[in-house]
Amino acid sequence: MNKDKIYTESLANIANFNFDAQVADVFTDMIERSVPGYRAIITMIETLTEHYAQPNSNLYDLGCSLGAATLSMSRGLKAKGCQIIAIDNSAAMVERCRKATERNHTFEGVRVVEGDIVTTEIANASVVILNFTLQFIPLNERLPLLKKIYAGMRPGGVLILSEKVLFEDEHLNKLLAHIHHDFKRAHGYSDLEVSQKRSALDKVLIPETIPTHRKRLTEAGFSSTDVWFQCFNFMSMLAVK
Ligand SMILES: C[S@@+](CC[C@H](N)C(=O)[O-])C[C@H]1O[C@@H](n2cnc3c(N)ncnc32)[C@H](O)[C@@H]1O
């Protein structure tokens, strides 16, 4: 695994964060050292897929990056006649995700697509994953995207939505931001790396509160929604159609 050293040196100008080849090359190390609970969520996607995948349906990984959730879905999939569709709009991620899924012989029905999840059709879906992707979608496009996902799902299907979150209480917000900073330091990032990465993400990753997510999921049509996993200011929700 390549080590993330992107923000180790002091940068004169910090460009907006972008999922380019430089990021794709170190992404596994970056996300594991930056997102508390990421590995647990990826592992549990296997169990959730086994439970929710319906025969002859589609499973989507939206914003698949290198395909960690795609591979986890493929390991958990027991229903017959299914296809997994992994979508990302970063060419660098798609190229690496294709290689990773081609090396995986547990399940061969994976299609990796370079495309925008906002405009891609979702159809006949029993499992849909947005694993730390919705936070990168412009705010005004989030509800239309969730409505489209809901419309393309089968009854009984599940959306797994993982996000960095804000808290309504300002004291808790500051505390959790601090704890997250400590988590990154404990995983080898310097204060300079943390602060430069935070500046790069500032206008690109827009977190929201759990009540905001819950309200939007209900507005999109989902009947049962709740948090099934949380670690500090990172959480994952289930939304069932
Ligand atoms: C934080 S990463 C997701 C991590 C990944 N789901 C995982 O579990 O390892 C966000 C991904 O979403 C992709 N992305 C952002 N906006 C997108 C869009 N509109 N359409 C497709 N992919 C998008 C980025 O290229 C990036 O690979």
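These legends describe close-up views of a predicted model.

**View 1**

**View 2. The largest nonpolar core.** This core holds 52 residues. Those with the most contacts inside it are Leu59, Tyr60, Ala86, Val127, Val128, Ile129 and Leu159. Tyr60 touches Ile85, Ile87, Ile122, Ala125, Val128 and Ile129, leaving aside residues up to four places away in sequence. In soluble globular proteins, nonpolar side chains tend to be buried together.

**View 3. Helix H2.** Helix H2 covers residues 38-52, 15 residues in total. From first C-alpha to last, H2 reaches 21 Å, close to the 21 Å expected at 1.5 Å a residue. Its buried residues are Tyr38, Ile41, Ile45, Leu48, Thr49 and Tyr52. An α-helix has 3.6 residues a turn, so residues three or four places apart point the same way.

**View 4. Strand E8 and its partners.** Strand E8 (residues 234-240) pairs with strand E5 (residues 153-166) through seven bridges, and the two run antiparallel. Leu161 has Met237 of E8 as its bridge partner. Strand E7 (residues 224-231) is also joined to E8 by seven bridges, again antiparallel. Here Ser224 stands opposite Val240 in E8.

**View 5. The turn between E7 and E8.** Two residues lie between the strands of this hairpin. Phe232 takes a positive phi near 55°.

Technical notes. Residues numbered from 1 in each chain as written. Predicted model: local features only at pLDDT ≥ 70, side-chain atom pairs only at ≥ 80, totals over all residues. Core = buried A, V, L, I, M, F, W, Y, C linked by C-beta atoms within 7 Å. Buried ≥ 20, exposed ≤ 12 C-beta atoms within 10 Å, placed from the backbone. Contact = placed C-beta atoms within 7 Å. Helix = DSSP H or I, 4+ residues; strand = E, 2+ residues; numbered from the N terminus. Expected span 1.5 Å × (residues − 1). Pairing = 2+ DSSP bridges.
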